[in-house]
Amino acid sequence: MSILVKIKLGEEFRRISFKEQPTYQEFRSTLQQIFKEEALSEFVIKYKDEEEDLITVSSDIELSEAFAINRNQILRVFLIPSPENTYYSRNIPVHWGVTCDGCDRYPIIGPRFKCIQCPDYDLC
């Protein structure tokens with residue numbers, strides 16, 4: 001039986017499935033691969049429980065609880081910037097949903113240069 005997970009980072013959503021419940025480190029590693037986010041360590045993983053509260057996940061036990069609560073449903077996960085995240089504390093813009101066409105960095109952090117003649121061409 002597959003375990004379905006829907007993940008939101010900024011304005012971007014992803015949907016993945018696992019054949020069996022992953023460990024916390026496996027889950028976090030999968031998220032890093034999917035979002036290609038170098039600074040993902042500066043994000044907190046959260047999910048909504050049955051009372052609609054955002055619950056933090058930071059261990060195998062907490063991840064197991066998240067999957068148990070959402071059994072037979074899709075586990076909805078939110079990646080939220082941690083308060084220590086230097087990009088946010090220094091008010092550096094993060095352009096979610098935009099990938100640099102020069103170096104494939106996602107998201108573009110800092111200034112974004114957009115071509116005014118091309119339909120979809122952005123540089124960091």
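What follows takes the helix, then the hairpin, then the pocket.

Mentor: This is a predicted model, where local features need pLDDT of at least 70, side-chain atom pairs count only at pLDDT 80 or more, and totals for chains, interfaces and linings use all residues. Residues are numbered from 1 along each chain as its sequence is written, and side-chain values use heavy atoms, with hydrogens and water left out.

Trainee: Which residues of α1 are buried?
Mentor: Buried means under 20% relative accessible area, exposed over 50%, partly exposed in between (1.4 Å probe, protein chains only). Helices are DSSP runs of H or I, at least four residues, and strands are runs of E, at least two, numbered from the N terminus. In α1 (residues 24-35), the buried ones are Tyr24, Phe27, Arg28, Leu31, Ile34 and Phe35. They cover an arc of only 125° around the axis, so they sit on the same side of α1; that arc is taken from the directions from the helix axis to the C-beta atoms. Gln25 and Gln33 are exposed on the face turned away from the buried side.

Trainee: How many bridges join β3 to β4?
Mentor: Strands pair if DSSP finds at least two bridges between them. Here four bridges join β3 (residues 43-48) and β4 (residues 54-57), running antiparallel. Lys48 has Leu54 as its bridge partner in β4. Five residues lie between the two strands of this hairpin, and Glu52 in the turn has a positive phi of about 70°.

Trainee: Which strand gives the most to the lining of the second largest pocket?
Mentor: Rolling a probe the size of a water molecule over the atoms shows where empty space is left. Strand β5 (residues 75-81) gives the most, with three residues. Lys48 and Glu52 are also among the lining residues.

Methods
On a 1 Å grid over the protein atoms alone, a cavity is a set of points where a 1.4 Å probe fits but cannot get out, and a pocket is an open set with protein on both sides within 12 Å along at least five of seven lines; lining residues have an atom within 4 Å of a point. The expected span of a helix is 1.5 Å times one less than its number of residues.
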